[in-house]
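Student: I would like to learn how to read a structure feature by feature. Could we go through one together, starting from the whole and ending with single residues?

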Amino acid sequence: AMGVENKVLLHFSEPFWPTSSSPYIQTTVQGIRFLSLHHYGKPGVIVAHLCPPVSITISKLTDVQAVQFVMGVLRDCFGAASVEKS
């Protein structure tokens, strides 16, 4: 009765997101927020927290499609060049 929440964990060779401020990264996409695990001793790891309606949609995708979707959001937030070099 609480709803659906999904997570997608991604590991990069180095973080391309800010690591000196809050571990939380907000997006303009409703239902998606990121948590940098770099702050908690997991270098290069970021978690996408997906809430409805995104979590319901993504639950119908394959793992590869889910990663592609989340990577698209990261590209929109940080620029394709930043995301692709990591």
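Student: How many positive and negative side chains does the protein have, and how far apart do the centres of the two sets lie?

Tutor: Bear in mind from the start that this is a predicted model. The protein carries 6 positive and 5 negative side chains, and the centres of these two sets lie 6 Å apart. As for the surface, the protein exposes about 5300 Å², of which carbon and sulfur atoms supply 56%.

Student: Which pattern of helices and strands does the protein follow along the sequence?

Tutor: One begins by counting the elements and then reads their order. There are three helices and four strands in the protein, and read along the sequence they follow the pattern β-β-β-β-α-α-α.

Student: Why does the radius of gyration of the protein agree with that of a compact globule?

Tutor: For 86 residues a compact globule would have a radius of gyration near 12 Å, and the protein has 13 Å, so the two agree. The C-alpha trace spans about 35 × 25 × 20 Å along the principal axes. Buried residues make up 36% of the 86 residues, and among the contacts with a separation of 6 or more, 54% come from residues 24 or more positions apart.

Student: Where is a cis peptide bond found, and what is its omega?

Tutor: Here one looks at the omega angle of the peptide bond. In this model a cis peptide bond joins Pro 52 and Pro 53, with omega at about 10 degrees, and Pro 53 is found in the loop between β4 (45-50) and α1 (54-58). Helix α1 also holds Ser 55, which counts as buried because its relative accessibility is 0%, under the 20% cut-off. Leaving out residues up to four places away in sequence, Ser 55 touches Val 4, Glu 5, Asn 6 and Leu 50.

Student: Is Thr 27 buried or exposed, and which backbone atoms does its side chain reach?

Tutor: Thr 27 is found in the loop between β2 (24-26) and β3 (32-36), and it counts as buried because its relative accessibility is 16%, where the limit is under 20%. Its side chain reaches the backbone nitrogen of Val 29 at 3.2 Å, while a polar atom of that side chain lies 2.9 Å from the backbone oxygen of Ile 32. Neighbours within four places in sequence aside, Thr 27 is in contact with Ile 32, Phe 34, Val 73 and Cys 77.

Methods:
Residues are numbered from 1 along each chain as its sequence is written. This is a predicted model: local features need pLDDT of at least 70, side-chain atom pairs count only at pLDDT 80 or more; totals for chains, interfaces and linings use all residues. Side-chain values use heavy atoms; hydrogens and water are left out. Helices (H or I, at least four residues) and strands (E, at least two) are DSSP runs, numbered from the N terminus. The radius of gyration is taken over C-alpha atoms; the globule rule is 2.2 Å times the number of residues to the power 0.38. Buried means under 20% relative accessible area, exposed over 50%, partly exposed in between (1.4 Å probe, protein chains only). Contact means heavy atoms within 4.5 Å. Accessible areas come from the Shrake-Rupley method with a 1.4 Å probe; for residues, only the protein chains shown count as cover. Lys and Arg count as positive and Asp and Glu as negative; His and the chain ends are not counted. The place of a charge is taken as NZ of Lys, CZ of Arg, CG of Asp or CD of Glu. A polar contact is a pair of N or O atoms within 3.5 Å; within protein, one must be able to donate a hydrogen and the other to accept it, and residues adjacent in sequence count only if both atoms are side-chain atoms.
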